[in-house]
Amino acid sequence: MTLAPGPGIHILNDMIRDLWYAVLESVELRRGMLGVIRLGERLVFWRDSTGKVVCLYDRCAHRGASLAGGRLSGDVAACPFHGLEYDASGRCVRIPANGRDAPVPDAFRMRSYPTHEGRGPSALRPPQHDRQGQ
Ligand code: FES
């Protein structure tokens, strides 16, 4: 069966993206950041200082680099290219080239996704529709 583009296909895509998905097992996310591609979308995960799972669309607001190869400092993730730092909400909190206390424009943010970590093997499930920080 061939599916032609149209309203039905669009709805199907929306339905798929509106669901929660198991993306990682809890044990896979212990230290540092981990990049995952899900439904063609690059995601980056880490745990904040309380152990809560953070998930961002993995595309730096500066030039689109992946944060997955960057470093974590407390609850902040730094991009490996120019060091922009993002909090768990996806908001850029520091642009090193601008100085320590320089203001950061609101446009410098990455999409964040809610996460849920339950018991069992498939614990982390960011829904694709509930985006924040677009
Ligand atoms: S590409 Fe991320 S800081 Fe420049």
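How many helices and strands are in the protein chain? There are one helix and eight strands. The model is predicted.

**View 1. The whole protein chain, element by element.** From the N terminus, the order is α-β-β-β-β-β-β-β-β. The protein chain has 134 residues, and 25% of them are buried. Take the contacts between residues at least 6 apart in sequence: 40% of these join residues at least 24 apart.

**View 2. Confidence along the protein chain.** Mean pLDDT for the protein chain is 80. A score of at least 70 is reached by 75% of the residues. Among the elements, strand β6 (residues 85-86) has the highest mean pLDDT, 97. Helix α1 (residues 7-17) has the lowest, 47.

**View 3. Two stretches with pLDDT under 50.** One stretch covers residues 1-13. Here the model has one contact beyond four places in sequence. The other stretch covers residues 130-134. For residues 130-134 the model has 16 contacts beyond four places in sequence.

**View 4. The open sheet of four strands.** The strand order is β1-β2-β3-β8, and the pairing is antiparallel. Strands β1 (34-38) and β8 (112-113) stand at the edges. Each has a single partner strand, so one side of each lacks a neighbour in the sheet. In general, strands of a sheet pair through backbone hydrogen bonds.

**View 5. Where β3 meets β8.** Strand β3 spans residues 53-57 and runs antiparallel to β8. Two bridges join β3 and β8. Which residue stands opposite Ser-112 of β8? That residue is Leu-56.

How values were computed:
Residues numbered from 1 in each chain as written. Predicted model: local features only at pLDDT ≥ 70, side-chain atom pairs only at ≥ 80, totals over all residues. pLDDT = per-residue confidence, 0-100. Contact = placed C-beta atoms within 7 Å. Buried ≥ 20, exposed ≤ 12 C-beta atoms within 10 Å, placed from the backbone. Pairing = 2+ DSSP bridges.
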